[in-house]
Amino acid sequence: MTALRPDLKTRPRTGSRRIAGLRPAGPVAGVWLAALAVTVLGWIVVAVRGGDFLTVTNVVTILQNCVALGLVAVGQSAVILTGSLDLSVAYLISLGTLVAAETMESGSVLVAVLAVLALCAAVGLANGLVVTGLKVNAFIATLGTAFILRGWIEDNYTGPAGKVPASFQHLGYDRIGPVPVSLLLLLALAAALWLITRRTRLGHHMYATGGDEHVARLSGVHTRRTVIAAHVLCSLCVGAAALFLAARLGAGAPWAGTEARYDLESIAAVVLGGTALAGGRGGVAGTLGGVLVLSVLDSVFNQLAVDPFFKNVVRGVVIIAAVALYARGRRTSQERTA
């Protein structure tokens, strides 16, 4: 059985094929245009208030803020494409920073990196097995994993632990001109995930599984393996984010993932980037645009000293408006092709 293409789905009622991503550039172009518009508007508003938004320092800060969220969101894209979800990412990041810092303090950097990635892969495998083997809803399954990780962290740590050597902290602080070195890590990982989702059999199966799991299974797709693989990929991306944050903080922190709410923030970035929560539509390129929109908004709000409540209200309105526009555009497209 040949692999299904990521942009094709079978309609159960007619047996004919339709192009699910008929206009794949639509949401992607839209979110990147939105990022540009938010940047220009933010620059104008900050300038009116007497500030300077597009300074080198502020641009570097925005790009650095994109890295951790971007790494998690790129991984979250993989599981959401299959119709699944991962709410354990925030606590896994926290645990990852602690494991990294403690291992680096007593061992080598390479051992620490491998330990963090092995831990994250194991958690991702466990999530995938619970979702596919026990047939537990992904929301509940990964929320349960989050509580387990939270219990372990709270029982064993009361504050920062371990120490990251200065040589590894270069990952968090060095830059090439105005471009942080860590941004290159994000772009490399995003490119790898893009290639996996768009150019490999696994990626085709991820789209097919998210589009219609029953039809995908009848077409010969091993949907259980696909969902498990997506969860492992997501957790590996989380491991990369944990290593980056450990480099930034110089130690492991029990609050590293939860304080920034990377679980909900990553899902927001994925949805803002045009990926459907039901799965089968979207991709990494749009997710990166969603990450940039959220990071620019945060920077604007910080410079304007906006009240946190109002900040969350605006972010919520932006996300709801974006999803509504995507849904309306998709309905219009379906009506024209009907």
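Modeller: Buried means under 20% relative accessible area, exposed over 50%, and partly exposed in between, with a 1.4 Å probe and protein chains only. By that rule Cys 234 is buried, because its relative accessibility is 0%. Please keep in mind that this is a predicted model, where local features need pLDDT of at least 70, side-chain atom pairs count only at pLDDT 80 or more, and totals for chains, interfaces and linings use all residues. Residues are numbered from 1 along each chain as its sequence is written, and side-chain values use heavy atoms, leaving out hydrogens and water.

Now to the sulfur atoms. A disulfide is a pair of cysteine sulfur atoms within 2.5 Å. For Cys 234, the closest cysteine sulfur belongs to Cys 237 and lies 6.7 Å away, so the two are too far apart for a bond. Cys 120 is also buried, because its relative accessibility is 0%. The cysteine sulfur closest to that of Cys 120 is in Cys 234, at 9.6 Å, which is too far for a bond. Across the whole structure, the search finds 0 disulfides.

Of its 338 residues, 48% count as buried. Taking a contact as heavy atoms within 4.5 Å, residues 24 or more positions apart account for 78% of the contacts with a separation of 6 or more. Along its principal axes, the C-alpha trace spans about 60 × 50 × 35 Å.
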